[in-house]
Protein chains: 2
Amino acid sequence: MSADTRFRVLYRLLADSPEDARQRALGIALEQTVEIPGDIVPAGYISDEIVGQVETISHVAGKAYETVISFSPDSAGDEVIQLINVIFGNSSIQQNIRVTGFDPGPVIRDRFKGPRFGIKGVRARSGRARGGLISPVIKPQGSSVKQLADIAYRCTLGGADIIKDDHGLANQKMAPFAERVKAVSAAVADANAKTGGSALYFVNVTGHTGWPLDEAYQAKEAGAGGVLLMPGLMGFGVVQALARDPSFDLPIMTHPSFTGPYVLTPETGVSHALMYGMFQRLAGSDISVFPNVGGRFGFSVEECLSIASACRDMDGIGRPMMPSPGGGMSVERASDMVSMYGEDVVFLLGGSLLRAGDAIGDAVRAMRDAVDGLTAD
Amino acid sequence: MSADTRFRVLYRLLADSPEDARQRALGIALEQTVEIPGDIVPAGYISDEIVGQVETISHVAGKAYETVISFSPDSAGDEVIQLINVIFGNSSIQQNIRVTGFDPGPVIRDRFKGPRFGIKGVRARSGRARGGLISPVIKPQGSSVKQLADIAYRCTLGGADIIKDDHGLANQKMAPFAERVKAVSAAVADANAKTGGSALYFVNVTGHTGWPLDEAYQAKEAGAGGVLLMPGLMGFGVVQALARDPSFDLPIMTHPSFTGPYVLTPETGVSHALMYGMFQRLAGSDISVFPNVGGRFGFSVEECLSIASACRDMDGIGRPMMPSPGGGMSVERASDMVSMYGEDVVFLLGGSLLRAGDAIGDAVRAMRDAVDGLTAD
């Protein structure tokens with residue numbers, strides 16, 4: 001490939017023959033751009049630049065083929081929504097096409113700056129220079145603001161780096177958004193004052209006011225240390241808008257809710273690395289949560305490592321970001337998890353932590369010690 | 001079931017045994033609400049009200065089971081994002097669980113008003129009291145504002161009810177949003193003045209300014225007759241925010257881009273009727289676009305009819321809305337399509353319409369006549 005300006009997408013597809021594979025690839029190239037039959041594409045700029053160009057088609061095995069199609073940055077503009085629309089909007093509705101790779105090329109790389117904070121920035125804000133970060137989740141839904149704030153307080157005293165809202169905390173009457181954010185922020189600040197630490201409270205923002213950006217700002221005003229967003233339910237545009245907003249200036253954590261169907265079947269959707277790594281980073285998330293191996297979800301070691309790698313790849317878009325495996329972490333498994341993920345990782349501690357009751361701070365401390373004991377000097 | 005306040009979700013799941021099915025159902029009930037192990041759920045309000053309740057489990061065939069789980073409206077609050085989060089957020093990431101039904105119950109039905117316009121409202125605004133609506137799409141991406149406006153003008157003269165932006169028109173330099181919206185709105189208004197009609201121009205809104213609501217208002221100011229939104233890329237919250245905003249007052253059309261993986265495999269995701277019918281209507285869309293049978297996508301007649309039925313069901317949430325099958329429509333097929341969908345439908349006319357070149361208005365007129373000729377007096 002020449003050092004041109006186009007971005008490239010790798011698709012895996014099933015086809016009945018090499019000719020069928022070629023027709024399917026040409027179909028994607030049209031569908032994702034002009035969405036008109038090939039024989040009536042206007043000559044000139046549209047046919048030469050805008051229409052996707054099938055660069056390679058190769059046979060993998062059986063009915064499986066891979067094709068690289070290049071697209072013009074002009075198609076995407078500078079919006080992550082439109083970029084993903086070009087990568088896989090309508091073709092996502094075709095059977096047996098899966099996106100397995102993405103090369104942004106120089107222009108998209110320049111337009112999409114990615115995470116504002118990334119690994120270094122999150123470490124600086126949380127005061128954790130070395131080793132894996134520990135992030136207990138405050139829950140369950142249905143608890144009062146006071147109960148959630150109490151859990152956050154205890155976890156912060158126990159050595160948490162990040163206090164994360166459960167993604168099921170929205171603006172329900174049991175713990176309304178504004179009240180919850182103020183009380184939990186204050187609780188974390190109080191505990192930080194005692195420990196001398198700087199644990200960050202990440203507020204789940206869902207947009208009950210009509211626009212998530214407003215709530216993100218409300219959270220910031222109330223003393224939040226970051227926001228939690230769910231791109232599967234809200235789109236990646238919200239992540240991009242906040243990551244680009246110069247006055248927002250808080251790290252962003254993204255949660256995988258409602259994204260499962262994209263990755264669960266091998267012949268449709270997108271790869272794990274794309275959904276939980278590249279797309280997150282492209283949009284500007286600093287910490288990407290995904291279901292860890294060994295938890296309630298069926299991701300494999302290889303899938304989890306592919307996500308972590310996409311999050312941290314030095315050649316990725318913008319700054320490397322933190323992978324955040326959720327579930328499957330315990331004191332007993334800490335050694336395996338640190339071996340698997342290394343240091344630049346945020347370990348989510350989920351519901352089983354609540355088993356400790358009022359001693360939840362001790363449970364966090366035990367995890368903190370386990371991870372720290374495994375961090376090389 | 002008693003006439004209680006809860007909403008109910010029907011899940012299809014695969015399990016190895018009746019006991020395994022029961023465990024999976026209980027797992028969903030916890031996962032979608034408290035997200036903590038069942039044995040540490042706090043007694044009282046949380047265990048009695050918040051935790052999902054498995055109401056029935058039945059064996060379908062082989063490994064397939066169906067379960068009805070009820071949830072508290074307190075879990076969802078009044079946000080469509082949080083409601084979908086409760087219906088299927090994390091469980092979407094489990095293998096072999098599919099949402100196949102949704103019964104809102106009285107409280108959710110009261111909180112979610114659905115479409116502002118619905119079928120009657122769209123008919124009133126577009127001046128089409130009877131028969132299927134015709135909606136040509138202006139494209140291709142890469143065209144200038146002048147070219148797009150010219151196509152819109154000709155199609156309006158030809159008898160289009162709705163002029164729809166291609167979903168690939170965002171804010172690219174070839175046809176920047178503000179300029180495009182003004183020029184196309186003016187072209188449609190000019191043609192309306194000639195025909196005495198009231199064709200509506202639906203503007204594709206993607207949120208390049210950081211927030212789609214701003215752009216929707218810009219579109220309205222410029223004379224747009226409606227907006228086109230892509231919930232697969234932007235979430236359903238944007239649809240809800242605009243449908244609820246009393247001062248916005250334009251109909252909303254939704255496009256299926258990037259939603260394919262939810263429906264393509266029978267054992268994961270959600271049913272076609274839910275994705276392109278119930279969820280759209282719940283959020284407040286007035287017209288739901290989906291890939292028609294016989295076009296480039298593989299939806300079956302049964303799947304398309306299930307979508308149309310969910311859109312128009314008199315017992316659904318709020319007002320019945322317009323199904324809008326895209327692709328697969330031609331003068332030759334008009335009779336079949338009208339037989340299949342009846343009158344309350346918006347037929348999208350896609351890329352092949354451009355084959356007519358400058359005579360595109362005649363092509364629209366031919367379709368108009370074909371559909372009108374089939375409308376019962």
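Predicted model: local features only at pLDDT ≥ 70, side-chain atom pairs only at ≥ 80, totals over all residues.
Two residues are in contact here when heavy atoms of theirs lie within 4.5 Å, and on that basis the contact between the two chains takes 76 residues from chain A and 76 residues from chain B. About 6,300 Å² is buried between chain A and chain B.

**The interface between chain A and chain B**

- The size of an interface is often expressed as the accessible area that is lost when the parts come together; for chain B and chain A the area buried is about 6,300 Å², and carbon and sulfur atoms give 58% of it.
- Between chain B and chain A the count of salt bridges is 10, and one salt bridge between the chains pairs A:Glu35 with B:Arg296, whose closest N and O atoms are 3.3 Å apart.
- The two chains also share 40 residue pairs in polar contact, counted where both residues have pLDDT 80 or more.
- On the side of chain B that touches chain A, the elements giving two or more residues are α2 (45-50), α3 (73-76), α4 (80-88), α10 (231-234), α12 (260-263) and α13 (272-283) of chain B, and the largest share, five residues, comes from α4(B).
- By residue class, that side of chain B divides into 34 nonpolar, 32 polar and 10 charged residues.

**The pair α4 and α13 in chain B**

- Two packed helices are described by the angle between their axes and by the distance between those axes; in the case of α4(B) and α13(B), the axes come within 10 Å and cross at roughly 145 degrees, and the crossing is right-handed.
- To this contact α4(B) brings B:Val80, B:Leu83, B:Ile84 and B:Ile87, while α13(B) brings B:Phe279, B:Leu282 and B:Ala283, and the residues divide into seven nonpolar, no polar and no charged.

**Backbone details**

- In chain A, the peptide bond joining A:Lys139 and A:Pro140 is cis, with omega about 0 degrees, and A:Pro140 is placed in the loop between β5 (133-138) and α7 (145-157) of chain A.
- In chain B, a cis peptide bond runs from B:Lys139 to B:Pro140, with omega near 0 degrees, and B:Pro140 is found in the loop between β5 (133-138) and α7 (145-157) of chain B.
- A:Glu35, which forms the salt bridge with B:Arg296, has a positive phi of about 55 degrees although it is not a glycine, and A:Glu35 lies in the loop between α1 (18-31) and α2 (45-50) of chain A.

Note on methods
Residues numbered from 1 in each chain as written. Chains lettered and ligands numbered in written order. Heavy atoms only, no water. Buried area = accessible area lost by both parts, 1.4 Å probe. Salt bridge = Lys/Arg side-chain N within 4 Å of Asp/Glu carboxyl O. Polar contact = N/O pair within 3.5 Å; in protein donor to acceptor, adjacent residues only side chain to side chain. Helix = DSSP H or I, 4+ residues; strand = E, 2+ residues; numbered from the N terminus. Nonpolar A, V, L, I, M, F, W, Y, C, P; charged D, E, K, R; others polar. Axes fitted to C-alpha atoms, helices over the stretch in contact; angles between N-to-C directions. Left-handed = near helix turned anticlockwise from the far one by under 90°.
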